[in-house]
Amino acid sequence: MATKLLLTLAICRLIVTVGFTFNPNDLLRLGLDGKLSAAPADLQSASVDFGGVYRAEPMAVLHPATSEDVARLVKAAYDSARGFTVSARGHGHSINGQAMTRNGVVVQMSGGLKNKMLTVSEKFMYADVWGGELWIDVLTSTLEYGLAPKSWTDYLYLTVGGTLSNAGISGQAFNHGPQISNVHELDVVTGKGELLTCSEKENSELFQAVLGGLGQFGIITRARIALEQAPQRVRWIRVLYSNFSTFTHDQEYLISLHGKPSSQKFDYVEGFVIVDEGLINNWRSSIFSPSNPVKVSSLKAEGGVLYCLEITKNYHLTNADTIDQEIEILLKKLNYIPASEFTTDLPYVDFLDRVHKAELKLRSKGLWEVPHPWLNLFVPKSRIAEFDKGVFKGILGNKTSGPILIYPMNKNKWDDRSSVVTPEEDVFYLVAFLRSALESGDETQTLDYLSNQNNEILKFCEDESINVKQYLPHYDNQREWRDHFGEKYWTRFQQRKLEFDPRHILATGQRIFMPSF
Ligand code: FAD
């Protein structure tokens, strides 16, 4: 009763604030199976995200029980005389408020679904999963059948709908493509409140629009994810380089093997940049033994910077006897610093869930819920050496405040019809500055300092005409979004918006389109 009163008050506030001619009781009359809430705890958690920089409070939060709940809510927003905004929120792991909506309704996709919707087809090797399912739960369920998704993110406490709205990348992307290249079918609630099934064959424009679509064209309520036989164990190898061009040469060589039989290539290729000595034993490099720390200075890093190649080989216990030989043949082709090799062997799940361990450690030290001014860039292969010189060996000035990932991907594994934009080259790198800001202590660790440095990096790329594309992009106005997409893809993006969300109801936290009411 109290909750109902709170909700009615909240919706009345919505009318006063935005001047809607929407009857507050209409939302309560939608006949939802899930819960519409205006409880302070719900509003608070929908107002923040992992970035910890932006804040926007919705008027209500829907915890849907079914896809139909989502459709009813969006239809109410679309049909009402003046409309209201609706944003899907996955697990709130965005950086810049992308899943928030001020004074609208947030659909909390993760958690709380009454009847878990996750089915696996062993015959056709796919899983049908709820859009708010966390990848860790998808993994746990599919492993019961000895199967697992093919393409991953480094961290699994993200939702299926959230990563598919961006791309979903990790060290498997060179081989399998991003997660958006490994989806057969979706159920989507469009901005008109229609619940549609889409795939390559059915409603294909909607299918391609939604993949990497930043939540602009619909809310994904079900995804059919491609699976493979799950490996049992992983050999996880890290080697160091002091020379950047040797490092990138080896990374590019390894991803060029994508068409080879699995025995002749690694399953995962990533890497990171080590700018300051402290980082070599940090949370993303935990396999370097703390009892045997590596001294950057002892490795004669050029310009004070080292590069770590991270590769894995998956295997089943039945072929464990050939794995050493396969790895040896592959490693022989690489030119890393002799004796810089660190190898560990672990269960497949432990490898995939590796970042969660680091999360638990950081949480215990109060270092997880701090601002995260992250910057993710796709850098064309032809300009990566200049980027190294200007940024890793220049702008960063031997201080990073967090891991910096760098790994190349093959463009031919990305579908140009999806909504993501990537550089116009066959190979491009992800460079991810995954930094945490601290307000006390060193000035170089503050949010202001790191945000300014991000701007400096972007300005450097602009001045040098290095045509980078932001991944998990964030811009403040439409002009910048136009530049991000480029004229051709911006026109397509706008047309898709007009077709699937003409009133600009969805995902306004991305700041691409203003609501048309
Ligand atoms: P949210 O942040 O809640 O939402 C993101 C956007 O998608 C919003 O605009 C939202 O409205 C929209 N959205 C959410 N759910 C849906 C849905 N069902 N249908 C339609 N739109 C929806 N990304 C990688 O690619 N690779 C990585 O290795 C990786 N590692 C990460 C590690 C950490 C610790 C963190 C915090 C993030 C990482 N990310 C990575 C980024 C991650 O992919 C994005 O944050 C992404 O948005 C997923 O997070 P989420 O599920 O919490 O979605």
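Reader: Why is Gly303 called partly exposed?

Author: In this predicted model, Gly303 has 14 other C-beta atoms within 10 Å. A residue is buried at 20 or more such atoms and exposed at 12 or fewer. The count for Gly303 falls in between, and the residue is therefore partly exposed.

Reader: Where is Gly303 placed, and what separates the C-alpha atoms of Gly303 and Lys393?

Author: Gly303 belongs to the loop between β12 and β13. Along the chain, Lys393 is 90 residues away from Gly303, yet their C-alpha atoms are separated by 6.1 Å.

Reader: What makes Leu458 buried, exposed or partly exposed?

Author: Leu458, a residue of helix α14 (residues 447–463), has 14 C-beta neighbours inside 10 Å.

Reader: How do you know that the ligand lies between two domains?

Author: The chain is assigned domain 1 (2–109), domain 2 (118–229) and domain 3 (233–471). Domain 1 and domain 2 both contribute residues to the shell around the ligand, so the ligand lies between these two.

Reader: Which residues come nearest to the ligand?

Author: The shell comprises 35 residues, of which Gly90, Asp154, Gly161, Gly162 and Gly215 come nearest. Two or more shell residues are given by each of β3 (86–89), α6 (160–164) and β10 (218–229).

Reader: What is the make-up of this shell by class?

Author: It has 13 nonpolar, 20 polar and 2 charged residues. Gly counts among the polar residues in this classification.

Reader: What makes β10 a partner of β6, β7 and β8?

Author: Two strands pair if there are at least two bridges between them. Strand β6 (residues 126–130) is joined to β10 by 5 bridges, strand β7 (residues 147–149) by 3, and strand β8 (residues 183–190) by 7. Each of these values meets the requirement of at least two, and each strand is therefore a pairing partner of β10. The sense is antiparallel for β6, for β7 and for β8. In β10, Arg224 is the bridge partner of Asp128, Gln229 stands opposite Leu147, and Ala223 stands opposite Leu186.

Reader: Why are β1 and β3 called edge strands?

Author: Four strands form an open sheet in the order β1-β2-β4-β3, with mixed pairing. In this sheet β1 (35–37) and β3 each pair on one side only. The twist from one strand to the next averages 25 degrees. Strand β3 is joined to β4 (residues 105–108) by 4 bridges, and the two run parallel. Val107 in β4 is the bridge partner of Ala88.

Reader: Which strands are the edges of the sheet of 8 strands?

Author: That open sheet has the order β14-β11-β13-β12-β16-β17-β15-β18, and its pairing is antiparallel. With direction ignored, neighbouring strands are turned by 25 degrees against each other on average.

Reader: How do you know that β12 and β16 are paired?

Author: Strand β12 (residues 268–274) and strand β16 (residues 404–410) are joined by 2 bridges and run antiparallel. At least two are required, so the pair meets the criterion. Ile404 in β16 is the bridge partner of Val273.

Reader: Which helix packs on this sheet?

Author: Helix α10 (residues 320–332) packs on it and touches β11 (233–241) and β13 (306–315). The direction of α10 makes about 150 degrees with that of β13.

Reader: How many residues of domain 1 are in contact with domain 3?

Author: There are 5 residues of domain 1 in contact with 6 residues of domain 3. On the domain 1 side, 3 are nonpolar, 2 are polar and none is charged.

Note on methods:
Residues are numbered from 1 along each chain as its sequence is written. This is a predicted model: local features need pLDDT of at least 70, side-chain atom pairs count only at pLDDT 80 or more; totals for chains, interfaces and linings use all residues. Axes are lines fitted to C-alpha atoms, for helices over the stretch in contact, and angles run from 0 to 180 degrees between N-to-C directions. Two residues are in contact if their C-beta atoms, placed from the backbone, lie within 7 Å. A residue is near a molecule or strand if its C-beta atom, placed from the backbone, lies within 6 Å of it. Domain bounds come from an automatic or database domain assignment.
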